[in-house]
Amino acid sequence: MQLKIYNSLTAEKEIFKPILEGNIGMYVCGPTVYSNVHLGNVRTFLSFDFIYRTLIHLGYKVRYVRNITDAGHLTDDGNVENDRFVKQTRLEKLEPMEIVQKYTVDFHKVLEMFNLLPPNIEPTATGHIVEQIELTQKLIERGFAYESNGSVYFDVLEYNRRGLNYGELSKRNIEELFANTRDLDGQGEKKNPQDFALWKKASPAHIMRWNSPWGEGFPGWHLECTAMSTKYLGEKFDIHGGGMDLKFPHHECEIAQGKACNDTAPVNYWMHANMLTMNSQRMSKSTGNYILPMQLVTGENDFFEKPFHPTIVRFCFLQAHYRSVLDISNDAMIASEKGFIRLMEAIKVLNSVTPDNEKQSGFDLKEWKNKCYDALTDDFNSPVLIAHLFEAVKYIFALNDEKETISAENLEDLKATLNALVFDVLGLQNIEENNNEKLDQTLKVLIELRNQARKSKNFDLSDQIRDKLLAEGIELKDGRDGTSYVLN
C-alpha cells in the first residue's frame, strides 16, 4: 500500500516518499503557553497524534518534534505591547516563567487526559535563543534581513527579487500583499510593510529580554520554529504540521527563512488541520460560544446535557477528517457515546465467540482489512476507517446471534486487527469495565423485574421494560439460557 498525503504546498494528494527510507522527521507547531489550551488546539494536536500513531503502525520510525512557544509570540510586529506573555503577567501578577510553567502543565495534563502520545522532542523557544540569534545573523549576512533601531526584519521584497516566492504556501500574490498593507500605521522601522520581525528591541518595560548583537530584545515568533526544526530534524525534513490558521503568515515565513538560510525548501509535505466549531458557530470567548476541554469532560458548562469521558470526545473528533471543519454539539456527542459503547461491546463480544471451521462465512476479512488500510493510507481518513470498523461490529453481533460463522484463524486475525486499529491507531481507551459493572448490575435488576412480570402474566409491564430499554439503545434478547442484552 502506498501512503498518500495531502500537501498544502501543492494542494494535491501526493504519494509519500520519505527523505530517508523507513524514517520520518515530523515537526508540529505546539501551543503558546500563556493561557489554558482550548478545545480547538486539542483538535489539532489530536489530529497529529492520530497521524503519528498511524505512521508508527505502518512501520515507520518517526522523530516527532512539537515545540512550546514560551516567548516572542507577536502577531503584530509593529507593537511590542501586544506580546501575549507580557499581557498575561500583568493580568495574573506573575513572572513570565510562572505563566509559562502554569500553562505548560495544563497543556500536558489535558493532552494526557485525551490519550495523546508525547512527542520525541519538545523544545522551547526560550531554550533556543542562541540558535535564533545565529539564524538572524546568517540572514543578515546573506542579505535577506536588516537591522533597524535595534530590531531585525526579514526583507520580503528582497526575497522575491531573488526569484523566490513569498506566498507560495498560502497562494497569496506579493503585489496584493503589499497593496493591502501599504497604509498601515506602525511600519516606520520596516523597509516594506510585509517584512516580519526576526528580533525585536525590548522597550524599557518589557520583561522578557535577552542580549544580542543588536541590543537587548527578544525573538520574533516565526524564527523559533525554523531554529528548532532544523536543529532536531535537519535543514530539510519530511512533514510539518499545524492548524490551518498558521498557514499564513507563520508557515509562510518559515518557508522563506529556511530557503533564505539554506538554499532549499525546508519541508517536503505541509499538513494543516482544520478548525473546530460548536453548534455550527465559531468558538469565541467574545460571543460566549466557548468551552474549555475540562468543562466538556466534567459537564460544568451550559452547552452539553452531561459530562463526556475524554475518550468519547476523542472518538467524536476522529469522526471528521483532519482537513474538514469539525462541529461539535450535544447531539453529536450523544451519538458518539452510543457509537463508542457499541464498538467496545463488539470487542468484548468477540472474545466470547466460538470459531467454526466447517461453515463458510459471508464476511470477507481480507477485503475488510484492505479497506481499513486503504482509508488509513489515503491521507489518514479516520471517518472512513471508523465506518469500516462498524462493518466489523455488525458482523460480530451476527456471530454472537449465530447468524454468521468465523474460522479460528480469522477470529484471531480479526481480534488482532481490531485491537490494533481501535486502541493503537485511533488511540481509544476501553472505559467500559467500570461503567459496565454498574450497567450490568442495573440491567440484571430490570431483567429480573421483567421476568417476574412475565411469570405473573403482567405482560404490559414486561413489554414496557423491554420497550423503554430499547428506546435507550439496549436490546433484550430472550434465549434458552435466559435473557441477555445488546447495546445498539
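Q: Which residues does R53 touch, not counting residues up to four places away in sequence?
A: Contact here means heavy atoms within 4.5 Å, and, leaving aside residues up to four places away in sequence, R53 touches N115, L117, R314, F423, D424, V425 and G427. This is a predicted model, in which local features need pLDDT of at least 70 and side-chain atom pairs count only at pLDDT 80 or more, while totals for chains, interfaces and linings use all residues. Residues are numbered from 1 along each chain as its sequence is written, and side-chain values use heavy atoms, with hydrogens and water left out.

Q: Where is R53 found, and is R53 buried or exposed?
A: Helices (H or I, at least four residues) and strands (E, at least two) are DSSP runs numbered from the N terminus, and R53 belongs to helix α1, residues 39-57. Burial is judged by relative accessible area (buried under 20%, exposed over 50%, partly exposed in between, with a 1.4 Å probe and protein chains only); R53, at 7%, is therefore buried.

Q: What lies 2.9 Å from a polar atom of the side chain of R53?
A: The backbone oxygen of N115 lies at that distance from the R53 side chain, and N115 is also among the residues that R53 touches.

Q: What is the strand order of the open sheet of 4 strands?
A: Two strands pair if DSSP finds at least two bridges between them, and in this open sheet the order is β4-β3-β9-β10, with parallel pairing. The edge strands, β4 (61-66) and β10 (267-273), each pair on one side only. Neighbouring strands are turned by 20 degrees against each other on average, direction ignored, the axes being lines fitted to C-alpha atoms and the angles running from 0 to 180 degrees between N-to-C directions.

Q: How many bridges join β3 to β4, and how many join β3 to β9?
A: Strand β3 (residues 23-28) runs parallel to β4 and is joined to it by 6 bridges, whereas 3 bridges join β3 to the parallel strand β9 (residues 237-243). Y27 stands opposite V65 in β4 and has H240 as its bridge partner in β9.

Q: Why is β3 largely enclosed by the rest of the structure?
A: Strand β3 is largely enclosed because 5 of its 6 residues are buried. From β3 the chain crosses through α1 to β4, and this β-α-β crossover is right-handed: with the strands pointing away from the viewer, the path from the first strand over the helix to the second runs clockwise.

Technical notes. A polar contact is a pair of N or O atoms within 3.5 Å; within protein, one must be able to donate a hydrogen and the other to accept it, and residues adjacent in sequence count only if both atoms are side-chain atoms.
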